Amino acid sequence: MERSARILFSCRPLSGHFDPLVPLAEAARDAGHTVGFASGTPIVQRARDAGFVAFEAGPPDTFRADWAPRFPHFTALVGDAQREFFFTEIFSNLELVPRAADLESIMSQWQPHLVIHEMAELAAPLISTSLGVPYVDVGYGALIDRALLRAAAAAAAPHWRARGLEPHPLAGVFRHLYVDPCPPTLQNPEIADLVVQQLRPTVAGHVGQRPSWMVALPHNQTVYLTLGTIWNTDLDLFRLAIDALAGSVNLIVTVGRQNDAALFGPQQAGVVIRSYIPQDEFLPWCDAAVVHGGSGTVLGALAHGVPLLVMPQGADQWNNAERVTAAGAGVRLLREEISIDAIRRAVAGLLNEPAYRRTSTAIQEEIRVMPSAAEAMIRIAALIR
């Protein structure tokens, strides 16, 4: 076994940015390394609850309430325009500044041998470069286009110069090793130019017992409906989809921990509404999923061969929707296309056209054979000096 080292994981304070790092952190701990997390509230507490050393770094997840009034236009942006807004204004500037200061203090005192960060956390490349510590970039979906990273780099450049560093043309990423959780069918072809370690994004192929609450559901087919953990504020969209599908299929709906499932009132037989249920508990028995298009949700469904209706709401979700539809693993509805009839038709197509399931199952097999976190950590740990 390689020598024991201190490995610091750094991420934005959101579940979709923390969760992809956890399997690697657990694998590093199992290999005998001391593992720390640097993040904001509430993720710093989640890391502590999972048994890791954790440090407060950067703004909390409530920071959006502080900056959103300054950028009232951002919710109207779609596709790459919205992603560029986040990567330039937020990730490379507003969030980077306080997180970089905290990381600099943490790393100077804790002295990690290696830093592992997710791709939206752009303070880690800056501070790791400044302190001469090797670092690894971890994706959470398809590879981010270089054009978007070049825009992020331009926004971050003043912060690199402020520390006496020559700005990196891609905001510091791809210098050492990129950890790729995306199955090849959905991947950006720019991946071919990188030094890559693949990582299976979920417990693909692991199926437990069917939950007892699913046994009594009355219909032959089951559909999952979610808008994720962040982009789930449009309760009318949930209601629209429920109205479209209830009565014809079993419908499992998760509305997010910050939403009260009771707001949706009594439902007919076959409709289950909860704030949160771990999706791996029931996805193996789903026939389709209606989702917002977040990377974790998309990869989680496809890891069980479940075809998708994607209704993108923000961030990288338009890009994910395009990749899913181009691959033939599902369909998409954009904001202006969404209606009860459109949702009903789209889901009927997923359920009745075998090609969607065949493609989703093929992607499931791609995910199944990707390296485990323990296997990926062997290569990652080779960077430790």
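Helices (H or I, at least four residues) and strands (E, at least two) are DSSP runs here, numbered from the N terminus. What you're looking at is a predicted model, where local features need pLDDT of at least 70, side-chain atom pairs count only at pLDDT 80 or more, and totals for chains, interfaces and linings use all residues. Residues are numbered from 1 along each chain as its sequence is written, and side-chain values use heavy atoms, leaving out hydrogens and water.

Let's begin with the loop between H8 and strand E6 (177-180), where Ala-171 sits. Phe-174 is in the loop between H8 and E6 too. Most residues other than glycine have a negative phi. Yet Ala-171 has a positive phi near 60 degrees, and Phe-174 has one of about 70 degrees. Ala-171, at 2% relative accessibility, counts as buried (under 20% relative accessible area, with a 1.4 Å probe and protein chains only). Phe-174 is buried as well, at 17%.

Phe-174 also turns up in the largest nonpolar core, which has 48 residues; Phe-174, Leu-8, Trp-67 and Phe-87 have the most contacts inside it. Such a core is a set of buried Ala, Val, Leu, Ile, Met, Phe, Trp, Tyr and Cys residues joined through side-chain atoms within 4.5 Å. Among the elements giving it two or more residues are helix H5 (79-94) and helix H8 (146-162). A second, separate core of 32 residues includes Ile-242 and Leu-309.

Now for Leu-8: its contacts (heavy atoms within 4.5 Å) include Phe-37, Phe-55, Leu-103 and Trp-110.

One last stop: a cis peptide bond joins Thr-41 and Pro-42, with omega about 5 degrees. Pro-42 lies in the loop between strand E2 (34-39) and helix H3 (43-49).

Methods:
Buried < 20%, exposed > 50% of the residue type's maximum accessible area, 1.4 Å probe, protein only. Lists of a residue's contacts leave out its neighbours within four places in sequence.
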